[in-house]
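Please read this briefing alongside the sequence and the coordinates, taking the strand pairing and the nonpolar core in turn.

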Amino acid sequence: MEVFEKVGTREFSAILKLDASVILKEGDRELTSVTLNSALPALAEQNDGPAILDSTIADLLRALIREYSRVI
């Protein structure tokens, strides 16, 4: 899954990989990579379907972009 978020004039993307790692990019430049903890399986169990889970994960990735863009 990949989400895009524009913060001011900057454009970021966050990519969730199958191993539950997230790559945060600004344009083509990789800024950071993190691995999610066991929260991801717990989210899957609490939601009734893939669409709801995808939406929740997308919201999480967008929040990561917004928080990271404030730091850099």
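The points below concern a predicted model, and they are grouped by topic.

**Strand pairing and hairpins**

- Strand 1, which covers residues 2-7, pairs with strand 2 in the antiparallel sense, and six bridges are found between them.
- Within this pairing, R10 of strand 2 is the bridge partner of V7.
- The two strands form a hairpin in which two residues lie between them, and G8, placed in the turn, has a positive phi of about 65 degrees.
- Strand 2 is also joined to strand 3 by five bridges, and these two strands likewise run antiparallel, with S13 standing opposite K25 in strand 3.
- The hairpin of strand 2 and strand 3 has four residues between the strands, and A20 takes a positive phi near 70 degrees there.

**Nonpolar core**

- The largest nonpolar core is made up of eleven residues, namely V3, F12, A14, L16, V22, L24, L31, I57, A58, L61 and I65.
- Two or more residues of this core are given by each of strand 2 (10-16), strand 3 (21-26) and helix 2 (50-71), and helix 2 supplies the largest share, with four residues.

**Surroundings of I65**

- I65, itself one of the core residues, is in contact with V3, E5, V7, F12, S13, A14 and L24, once its neighbours within four places in sequence are left aside.
- Among these contacts of I65, V3, F12, A14 and L24 are also listed in the largest nonpolar core.
- Two further contacts of I65 are V7 and S13, of which V7 has R10 as its bridge partner, while S13 stands opposite K25.

Note on methods
Residues numbered from 1 in each chain as written. Predicted model: local features only at pLDDT ≥ 70, side-chain atom pairs only at ≥ 80, totals over all residues. Heavy atoms only, no water. Core = buried A, V, L, I, M, F, W, Y, C linked by side-chain atoms within 4.5 Å. Buried < 20%, exposed > 50% of the residue type's maximum accessible area, 1.4 Å probe, protein only. Contact = heavy atoms within 4.5 Å. Pairing = 2+ DSSP bridges.
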